[in-house]
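Please look at the sequence and the structure before reading on.

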Amino acid sequence: MSIHEQIEGILQEIEQDESSQLWGEEIDLASLDFSEFETLPGAKVAAVDGSSVMVEPYGGLKIGMIRAGFVLYNGSRLKKDISGIEVMRLDFRNSREIYEKRYREILADEPPELADTDPSYMMQRLRTLEEFRYMFRALKELSEGDILLIDGALRGDRHTPDRGIALLSEMAQDRGVSLVGISKDSGLMHGALPLVPQVDRVAEERIGQRRWYTRVLGRTSPGRETLFIARFNPYGEHAFRTDIISLDSVPSVLGKVAWYCSDPAYVGYPYPLADAHNEVIIRKGTAEDIGYMIEANLPENFHRKLDRGV
């Protein structure tokens, strides 16, 4: 069978996949209700993000790097609180101990049992814990009616501890602060294709180029979040999965976020989140430089020598 024939077969499978369940709930694109909302200027927001990289400068030696932090905005940037790059050695022997110690420190609870202690997996979990550290710090800068923007979903995944979501939710609601998690690249699927672009296409066909939201899922969870898909700017290129934990109305929360979604470089995406991302990201060149600094102090690796053609 030729490559072309195999591709045609895959495309036919995708077209015929009519699976409509998402986490046990039926999702019918045709029955989604799209509601419009207006921007609400003047809200204070804090945006939190984190970054992690792993390099192997020598044999099986794995070096992890983490940076996290937040930026605070009230129309324009008021403050930033960004960590330096933390560098650590991770392997199957020490990763569990490092994770458990940090879990107790940040979430003030006993960590769950982890079956998988692969260093790359543990690196992701450690980064998530550091993001929670800065979520708690950012929350102290906010008061009633403000927004805490979080990069990614609020619903706990394999890297996100339920304890963290539940604790953050309780603290935010006590302060009257709304939690909003916005996913740049949602893993939600409907059939064989990503859900968000499909919903965006249906919205465009039904109501045209508007600012809208639709509820996708809402169920009891550690944070009691509700999952929406929203388009924050009618002229943006994308809609986004948007998780909300709030005592305020949904249009009010989304309208406050939308006020920050008109920057020409990131139309339709909250600029404070883009700013936080750019502040915390560990560039490939930086990670490689740190790896080379470690490698330079270790015995020469023959495989690296061979790769250089020496």
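What is the place of phenylalanine 136? Phenylalanine 136 is in helix 3; here helices (H or I, at least four residues) and strands (E, at least two) are DSSP runs, numbered from the N terminus.

The model is predicted, so local features need pLDDT of at least 70 and side-chain atom pairs count only at pLDDT 80 or more, whereas totals for chains, interfaces and linings use all residues. Residues are numbered from 1 along each chain as its sequence is written, and side-chain values use heavy atoms, with hydrogens and water left out.

**The protein as a whole**

The protein has 9 helices and 14 strands. Buried residues make up 47% of its 310 residues; buried means under 20% relative accessible area, exposed over 50%, and partly exposed in between (1.4 Å probe, protein chains only). Of the contacts with a separation of 6 or more, 70% come from residues 24 or more positions apart, where contact means heavy atoms within 4.5 Å.

**Phenylalanine 136 and its surroundings**

Phenylalanine 136 counts as buried because its relative accessibility is 10%. Not counting residues up to four places away in sequence, phenylalanine 136 touches Ile106, Leu107, Gly164, Leu167, Leu168 and Met171.

Two packed helices are described by the angle between their axes and the distance between the axes. Axes are lines fitted to C-alpha atoms, for helices over the stretch in contact, and angles run from 0 to 180 degrees between N-to-C directions. The table gives both values for two pairs.

| Helix pair | Axes come within | Crossing angle |
|---|---|---|
| Helix 2 (residues 95-107) and helix 3 (residues 119-139) | 10 Å | roughly 15° |
| Helix 3 and helix 4 | 11 Å | roughly 5° |

Helix 3 is therefore roughly parallel to helix 4, and helix 2 and helix 3 are likewise roughly parallel to each other. Angles under 35 degrees count as roughly parallel, over 145 as roughly antiparallel, 65 to 115 as roughly perpendicular and the rest as oblique.

On the helix 4 side, Phe132, Met135, Phe136 and Leu139 of helix 3 meet residues including Gly164, Leu167, Leu168 and Met171 of helix 4. The residues of this contact between helix 3 and helix 4 divide into 9 nonpolar, 1 polar and 1 charged. Ala, Val, Leu, Ile, Met, Phe, Trp, Tyr, Cys and Pro count as nonpolar, Asp, Glu, Lys and Arg as charged, and the others, Gly among them, as polar.

**Helix 2**

The contact of helix 2 with helix 3 involves, among others, Tyr99, Tyr103, Ile106 and Leu107 of helix 2 and Leu129, Phe132 and Phe136 of helix 3. The residues of the contact of helix 2 with helix 3 comprise 10 nonpolar, 1 polar and 6 charged. Buried residues of helix 2 include Tyr99, Tyr103, Ile106 and Leu107, and what covers the buried residues of helix 2 includes strand 7 (86-89), helix 3 and helix 4 (162-175). Just after helix 2, alanine 108 takes a positive phi of about 50°.

**Helices 5 and 6**

Among the buried residues of helix 5 are Leu195, Val196 and Val199. Helix 5 is followed by glycine 208, with a positive phi near 80°. Lysine 256 lies in helix 6 (residues 250-258) and is buried, with a relative accessible area of 14%. Not counting residues up to four places away in sequence, lysine 256 touches Leu40, Ala43, Gly145, Ile147 and Asp248.
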